[in-house]
Amino acid sequence: MTYSVEISGATFTFHSWGAAYWEEERMLLISDLHLGKIMHFRKYGAAVPRLALLENFRRLEKLEAQFKPATICFLGDLFHSHKNREWELFQGWTYGSKAKLILVEGNHDILSPLLYEELGMEVLPEWNIGPFWLTHHPAETDQKFNIAGHIHPAVRLGGRGGQRMRLPCFYLRSNQLILPSFGAFTGSHTITPEAGDRFVVLAGDELVALEQRGKKKTLSLNQPS
Amino acid sequence: MSSENRSYEALLGIAEMWFRKAGWLPFPFQKKTWKAFLDGYHGLLNAPTGSGKTYALWFPILLHYIQQNPEYRTKKTPGLKAIWITPLRALSQEIKQSAERIIADLEIPFEVGIRTGDTSNAERARQRKQLPDLLITTPESLQLLLASSGYPKKFASCYAIVVDEWHELLGSKRGVQMELALSRLKTVSPHLRIWGISATIGNLEQARQVLLGPESEAFDRSVMIRADIRKDIQVRSLLPETMEKFPWRGHLGLHMSEAVIPIIEASKTTLLFTNTRGQCEIWFRHLLETHPEYAGEIAMHHGSIDKDTRLWVEQAIRNESLKAVVCTSSLDLGVDFAPVETVVQIGGPKGVARFLQRAGRSGHRPGQQSRIYFLPTHAIELIEASALQEAVREQAVEDRIPYLNSFDVLIQYLTTLAVSDGFHPDEIYQEVRQTFCYQTLSKEQWAWLLNHLVLGSQSLRTYDEYKRLEVLEDGRFKVTNRGIAMRHRFQIGTIVGDADITVRYKKGGYIGTIEESFISKLNRGDVFTFAGRTLEFLQVKGMQALVRNSQAKSSKTPSWMGGRLTLSSEMSKILRDELYTANLETEKQSTEIRALQPLFDRQREESIVPGPGQFLIETFETRDGHHHIFYPFEGRFVHEAMASLLSYRISLLGKATFSLAYNDYGFELLSEEAVNIQEVLDNNLFTAEHLIEDLQKSLNMTEMARRKFRDIAVISGLVFTGYPKKGIKMKHLQSNSQLLFEVFRDYEPDNLLFQQAFTETFEHQLEEGRLRQALERIATQEVVWKDCRRPTPFSFPIITDRLREKLTNEKLADRIRRMTQILTGGK
């Protein structure tokens, strides 16, 4: 279910649903939830299953119960579009959450920050905390290690005998971690790996770590330490 | 009585006189159709293209009007009289012209109008006010008319509808669209006579049932009229000079291109049929390169080329100003091309009906001989060539399998009715139940559909904002939201395959449309061939690909999805029988089989050429892994299913991951480790027992259903394809329907639309019935397993097929860990 990795002296535990937990800071990081997307579709006459939108909240609750975080930080694109009834479900969830809630704004977050603040949430354009710089869009920097979302990373894998698969993943580079999208019904974008890139792939209930070592276009397994 | 009889005879006299003036004699089938129509019958006319079928039905439609309106020359009754449905826009001009010709001669002051996707906005607006007397349109455009308010009034005066090329529509969802439209028209046009025109197919009787409704009044009062025009068809294979240089696997057939030159030279006009648009492009270019003297004398015709160019080509064929046209199925139907003397089929046509249809394009006059040459693109296709001749002799034509319970089309239709005037469910349920497609639609399913449309689910939730249909106070189900109505109208025409992107010069100038899947693989500066031009790709802008001319020599050629056809069951049987003659004495063999002798010898070095009682299995290892090849000779679709079934069953014996490949002759399971074939045989893994359960459990089935779901999601309005030209990219839709599929799988697996994807996979993709028969046949055969050192000629076309499926029962994480080499990127 989980995979742990050390980054800039901090320990992060990745969960197979796409969340990352920063042990020392007791902070749960979640990116690209895109709440309201399902309702948005339904409003336009496409009957996307309603149960799927409830699943987002069920998972949030389970993760909170498992990690008991002091803070939950959303790395942008929390809400997909304009306010709709899914907001009420989100509101309900915030009442039940014991953690401090923070939103680092993303391009989809067009809702007024006041709405979040009414719920006791803090809204930040970006967040410098410890050795990390938290943003929605992946940022280039030499100073700090960047943790971001936005691109919904996935990696395409192939093997002998023409095997092919494409799976969402945590995307780790020398100075950056990009989280997979957490929301149901959000889709993903395929990354073309470069030397040194690491991927922690969401494989059902499990996580598999891969690394692009020397050879071009070839990934190798990275057994958990 | 007698006076009525006279007028009846007099009416027919008008038609016969017209024929005589043109210097023709009406065929018996034409006369029969006139009489049956005038007697008030519905019916199905079985007549091939170019037989005068349009006159068989335009005449009685007009005669009926004359009968009802003795002062027809001076007084005109307003309103729509008849609708002519054609599946191809390209045919509408031709049909219009034949109607106009009669109208002019009989002095009936009728207006003939066309309404298709190509119709201008001004013309549409005019039609909105007043429909023409005779309307020529497509199934989609007819649906659009049902989406306009007050439609029942517009159709009230309509007394005839002709569905042309019904065999083309029958096995498709457009056919279902047609069934639904007819079920409505039966009510709103009380005097309607329904007629279909179909080429010969295996299940003609069923075609009539589907058209009219299986137990309907219309069916009870209907006739089947057969033109019974049998064409004299001459088939000849083009054999390579030496077999040694003949490629083993699927190719474009270019190595044989010189062989068509004398044929082109000897005829007035030659049509060269290719199976894909890509192949069409390459052949055209190749002919021009090798024979520059043909410039201006040869042309190309396929569905992606700009309409004006296509019309120009069609006109040029009629004018006899072209020596040859390289084309695809876009020229399969309709359009009378008298000057075509010869037809060349490049590569296997995969079906007898299609081949006959193409052969029929030449000598396009009753009584004239049709000549068709078959040009095999690889060695084993020669067997097909030989089989085709047999098939033509036997006239072994395929069935077209009609759809059952297509919930997606029904949802689209109900939304259509809700967009126009709204509908009362009880009334529409009765009508829908009369159709062939929905004859078994239960009350529960109907209730589910209504809930889906109104609530977007099967129960009401307060926080939900789902919006599509509303129930008005008078009980009508209606779309009240303008945006939903508008999006729906745009969506109606989208019972199609891949999304098309417009190709344009950057400086302006439309070239044609191309599938997005091809464009998406291009990078800026890439050069590709399209519409006979060499173009450099610049960028995608909205739904347009911008290009400029290029001088580059080498280029990519677009591949189009439409290319993957399968052998019909009739054709497969003939093909197997043909192959079995390889083991006979030379005298009993056809020229093609004899020509294949070197290949058979090579095949026999390590393996066998199977006989009637034998089922061949070959295994060998290459650097790709362990190949296991099976040869049922049943056509691609059956092999797809069989490969999936077998690999699933093998996986029950132990963990395994396979990649699957198939063609019309056999299929391959490729794996990292060798499969013990003896174990497969000992465990009787080819049994037809538990077929459905096993297929359902194989992962491949889900993959296939996922592909089917894409169309279902579009048709039922779960995903929106975007406004024309405004352009949401199709990739967006693609991933959306993929995502939706997963969301349904995880959260609403009992959703009827989700389940439909599986049913369609069974009935139309896997051809479960055929699969069962094939397995039963294999059970009676002796299995011959050959462990070879290297690939055999038979296996070559299969193992080099790059379109692969996979099946596994391993957990995702284990699979990744087990991959000895994990590759990334690529396509």
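B:Leu239 touches B:Thr591, B:Glu592 and B:Ala595, leaving aside residues up to four places away in sequence; touching, or being in contact, takes two C-beta atoms, placed from the backbone, within 7 Å of each other. This is a predicted model, where local features need pLDDT of at least 70 and side-chain atom pairs count only at pLDDT 80 or more, while totals for chains, interfaces and linings use all residues. Residues are numbered from 1 along each chain as its sequence is written, and chains are lettered from A and ligands numbered from 1 in the order in which they are written.

**Around B:Leu239**

Where does B:Leu239 sit? B:Leu239 is in the loop between E8 and helix H12 (257-266) of chain B. Helices here are DSSP runs of H or I with at least four residues, strands are runs of E with at least two, and both are numbered from the N terminus. B:Leu239 counts as buried because 20 C-beta neighbours lie inside 10 Å. The cut-offs go like this: 20 or more other C-beta atoms within 10 Å makes a residue buried, 12 or fewer makes it exposed, and anything in between is partly exposed, with C-beta atoms placed from the backbone.

**Chain B as a whole**

Chain B has 827 residues, and 48% of them are buried. Its secondary structure comes to 33 helices and 27 strands. Take the contacts in chain B with a separation of 6 or more: 75% of them are between residues 24 or more positions apart.

**The sheet with E8**

Strand E8 belongs to an open sheet of six strands in chain B, ordered E8-E13-E12-E9-E11-E10, with parallel pairing. Two strands pair if DSSP finds at least two bridges between them. In general, strands of a sheet pair through backbone hydrogen bonds, either parallel or antiparallel. At the edges of this one are E8 (233-237) and E10 (298-301) of chain B, each pairing on one side only. On average, neighbouring strands are turned by 20° against each other, direction ignored.

E8(B) pairs with strand E13 (residues 370-375) of chain B in the parallel sense, over five bridges. Within that pairing, B:Val235 has B:Ile372 as its bridge partner, and B:Ile233 stands opposite B:Ser370. Helix H16 (residues 381-394) of chain B packs on the sheet and touches both E8 and E13; its direction makes about 165° with that of E8(B). For such angles, axes are lines fitted to C-alpha atoms (for helices, over the stretch in contact), and the angle runs from 0 to 180 degrees between N-to-C directions. Which residues of E8(B) are on the covered face? They are B:Ile233, B:Val235 and B:Ser237, while B:Gln234 and B:Arg236 are on the uncovered one.

**A helix pair in chain B**

Helix H3 (residues 53-68) and helix H4 (residues 92-106) of chain B pack at an angle of about 45°, their axes 10 Å apart. That angle is why H3(B) is called oblique to H4(B): under 35 degrees counts as roughly parallel, over 145 as roughly antiparallel, 65 to 115 as roughly perpendicular, and the rest as oblique. The helices cross in a right-handed way, meaning that the near helix is turned clockwise from the far one by less than a right angle, with anticlockwise being left-handed. Residues meeting here include B:Trp58 and B:Phe59 from H3(B), and B:Ile102 and B:Ile103 from H4(B).

**Loop residues in both chains**

Here are some loop residues with their neighbour counts.

| Residue | C-beta atoms within 10 Å | Class |
|---|---|---|
| A:His34 | 25 | buried |
| B:Asn405 | 21 | buried |
| B:Ala656 | 19 | partly exposed |
| A:Asp142 | 5 | exposed |

Most residues other than glycine have a negative phi. A:His34 has a positive phi of about 50° although it is not a glycine, and this residue is in the loop between strand E4 (27-30) and helix H1 (37-43) of chain A. B:Asn405, also not a glycine, has a positive phi near 45° and lies between H16 and helix H17 (407-420) of chain B.

B:Ala656 is in the loop between helix H25 (636-653) and strand E23 (657-662) of chain B. A:Asp142 lies between strand E9 (132-134) and strand E10 (145-148) of chain A; its C-alpha atom is separated by 26 Å from that of A:Leu219, 77 residues apart along the chain.
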